[in-house]
Amino acid sequence: MAPALSIVVPVYNEEDVLPLLVQRLRPVADGLGTTYEVLTVDDGSTDLSPAVLQRIARDWPQLRIVRLRANAGHQAAISAGLASARGDYVVTLDADLQDPPEVVSEMLALAVSEGVDVVYGVRGDRSTDSAFKRVSARAFYRVIRTLSGTHAQVDAGDYRLMSRATVDAVNALPEHHRVLRFVVPALGFPSASVTYRRDERAAGRSKYPLSKMVRLSLDSVTGFSTAPLRAATWLGLVGGLAAFVLLAYALVAMTMGETVPGWTSTVVAVAGVGAVQLVCVGILGEYVGRMYAQLQGRPAYYIAYDSLTDAARRDALPSADALPSADALASGDGPPNDDALPSGDGAAPVSRVDEPRPSGSPRA
């Protein structure tokens, strides 16, 4: 039977914070008064996170473990969780406890009472973040909203509740490089929001260095807007106009017999036009790269283990005692093979197609 609520938690090298997460999340989930599952997605952790999860699962039946074969990234891990989640509502929550699990009950109550499909967790207080991160995050959201026309919640990350209809819609999208904080608002489903105070990471270190933030920004811009292509066109036009004006100036100066500084203007013109060309080529490369990845059709993740389905598969397998030994098979005492299959009417055994036949006998 499918649970009413699934809580998807991507995990990557979080051995220190997982016990703290359980201490806060389990009382909240148990107090909801409904059936639930906590679906942890191990994103190819290289520390003891898999062992910690297995130990926790022994004492928490509602904990489900999905393990990816290799590190696929934060957004891909969430996508894997959404594809595996069974609940009527699905909450995505990071394991670092910067987003408080206690807000889950408020999200669920708001979704049920107002009948909305999405409830966003909005960071009303980000005083624990650095000034650079606060300013850059707000600027990032505003730029994306301007370029794409998507009404994404400012200061809303990946902490949200979604209905089954929303999850199915996200899973049906063919895009591999999803940035879910913009994909979900782009669907336009009815939504609401709750605010909370963003805390410091409970343990461990951040898995989002500057390089990954830049990569996420590029995926967001190229995934939701063609404005960079238009900007490249305008930059090319402006560069061409500047080159034309410079050429006209050089011709007029030559006609009037005035001396025109050669090397400086030439270098400036070449450098300016070259810079514009490089910017345009770089932006085009981003789009071509996305088209190339889409045409390859490679999955964004591979699931190596799922505690729900793997447990059922193990129960269906025969026990080791029920299997014949190697000696029994060698002596012919094992189960009958299909070399001689009795027919339904008691006739003689039917020969295999590849058996040697007596000379002159007709083929069956």
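The protein chain of this predicted model contains 12 helices and 8 strands, where helices (H or I, at least four residues) and strands (E, at least two) are DSSP runs numbered from the N terminus. Residues are numbered from 1 along each chain as its sequence is written. Local features need pLDDT of at least 70 and side-chain atom pairs count only at pLDDT 80 or more, while totals for chains, interfaces and linings use all residues; side-chain values use heavy atoms, with hydrogens and water left out.

Of the 364 residues in the protein chain, 37% are buried; buried means under 20% relative accessible area, exposed over 50%, and partly exposed in between (1.4 Å probe, protein chains only). A contact requires heavy atoms within 4.5 Å. Among contacts between residues at least 6 apart in sequence, 81% join residues at least 24 apart. The accessible surface of the chain comes to about 20400 Å², and 61% of that surface belongs to carbon and sulfur atoms (Shrake-Rupley method, 1.4 Å probe; for residues, only the protein chains shown count as cover).

In soluble globular proteins, nonpolar side chains tend to be buried together. Here the largest nonpolar core has 38 residues, and L5, I7, V38, V104, V119, Y159 and L161 have the most contacts inside it. Such a core is a set of buried Ala, Val, Leu, Ile, Met, Phe, Trp, Tyr and Cys residues joined through side-chain atoms within 4.5 Å. Two or more residues each are given to this core by β1 (5–11), α1 (18–30), β2, α2 (49–59), β3 (63–68), α4 (103–114), β6 (156–163) and β7 (191–197). The largest share, 6 residues, comes from α4. Beyond residues up to four places away in sequence, I7 touches L25, A29, E37, V38, L39, V91, L93 and V104. Another core, of 21 residues, lies apart from the largest one and includes I78, A85, Y120 and M162.

Helix α6 (residues 164–171) has T166, V167 and V170 among its residues, and these three are buried. They lie on the same side of α6, because they cover an arc of only 100° around the axis, the arc being that of the directions from the helix axis to the C-beta atoms. The cover over the buried residues of α6 includes α3 (74–84), β4 (89–92), β5 (118–125), β6 and α7 (180–187).

Charged pairs also connect parts of the chain. The structure holds 11 salt bridges, each a side-chain nitrogen of Lys or Arg within 4 Å of a carboxyl oxygen of Asp or Glu. Within helix α1, D30 and R26 are 4 residues apart and therefore separated by about one helical turn; their side chains meet in a salt bridge (3.5 Å, N to O). D30 is partly exposed at 44% relative accessibility, as is R26 at 26%.

R86 forms a salt bridge with E37, with the closest N and O atoms 3.1 Å apart. This pair links distant parts of the chain, 49 residues apart: R86 is in the loop between α3 and β4, and E37 is in strand β2. R86 is partly exposed at 31%, whereas E37 is buried at 2%. Both residues belong to a network of salt bridges that links E37, R64, R86 and D306.

D42, in strand β2 (residues 36–42), is buried at 1% relative accessibility. Its side chain meets that of R67 in a salt bridge (3.7 Å, N to O), and R67 is partly exposed at 23%.
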